[in-house]
Amino acid sequence: MRYALILLSILCCSCHYFEKKKLDSEILLEKELQAFDWNQLDQYPSFENCEGGIDFQANKNCFETVLTTHISKVLKSKASIFSVPTKDTLMLDIMVSKSGGIFVKSLKGSPLTADKTQSFIDTITQSFSALPILYPAIKRSQHVEAVFQLPIILNAN
């Protein structure tokens, strides 16, 4: 009887070892959100002509090439924006929306007046309608907004 009582007390005290711990979904979500880098995209935005199952770096290069070539052509055709000879570097912040829309978010380092700067931004933004179809960036299988900074080197004579 004494052994039965000792065995019963051991079993009653050690039951917590057999319990399964419940995992709080909010704690799991918080750990998961901290585990990956929010600033790194899984897939760059891609133009229709850049598609075809290419890897991340090739997709990035194609996106940047199409965009810089397009902006370069627009600036060459709209050289009248710059009324005085200018040698400078501008930083153009371009946003690609979740739906694949593209527009100029801001222009930094502009030697232009406020009116000319807005005209410059409007010209670039309007020209984006001539680009091929743009698919948005992807992060964890979701379309996300992405902002890119593009340096523009001015050498207007």
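Here is a short chat about the chain shown above.

Q: Before we start, what kind of model is this?
A: It's a predicted model, where local features need pLDDT of at least 70, side-chain atom pairs count only at pLDDT 80 or more, and totals for chains, interfaces and linings use all residues. Residues are numbered from 1 along each chain as its sequence is written, and side-chain values use heavy atoms, with hydrogens and water left out.

Q: How much of the chain is buried?
A: Buried residues are 31% of the 157 residues. Buried means under 20% relative accessible area, exposed means over 50%, and partly exposed is in between, using a 1.4 Å probe and protein chains only.

Q: What about the accessible surface of the chain?
A: That comes to about 11,100 Å², and 56% of it belongs to carbon and sulfur atoms. The areas come from the Shrake-Rupley method with a 1.4 Å probe, and for residues only the protein chains shown count as cover.

Q: New topic: at what angle do α3 and α4 pack?
A: Helix α3 (residues 56-77) and helix α4 (residues 114-127) pack at about 125 degrees, with axes 10 Å apart. The axes are lines fitted to C-alpha atoms, for helices over the stretch in contact, and angles run from 0 to 180 degrees between N-to-C directions. So α3 is oblique to α4. As for the cut-offs, under 35 degrees is roughly parallel, over 145 roughly antiparallel, 65 to 115 roughly perpendicular, and the rest oblique.

Q: Which residues meet there?
A: From α3 you have H70, I71, V74 and L75, and they meet F120, T123, I124 and S127 of α4. Contact means heavy atoms within 4.5 Å.

Q: Let's look at V104. Where is V104, and is it buried or exposed?
A: V104 is in strand β3 (residues 102-108). V104 is buried, with a relative accessible area of 8%.

Q: What is V104 in contact with?
A: Leaving aside neighbours within four places in sequence, V104 is in contact with L92, D93, I121, I124, T125 and F128.

Q: Now I153: buried or exposed?
A: I153 is exposed, at 68% relative accessible area. Its place is in strand β7 (residues 146-156).

Q: What does I153 touch?
A: Not counting residues up to four places away in sequence, I153 touches D88 and T89. The C-alpha atoms of I153 and M91 are separated by 8.8 Å, though these residues are 62 apart along the chain.

Q: Last one: where does E64 sit?
A: E64 is in helix α3, and at 34% relative accessibility it counts as partly exposed.

Note on methods: Helix = DSSP H or I, 4+ residues; strand = E, 2+ residues; numbered from the N terminus.
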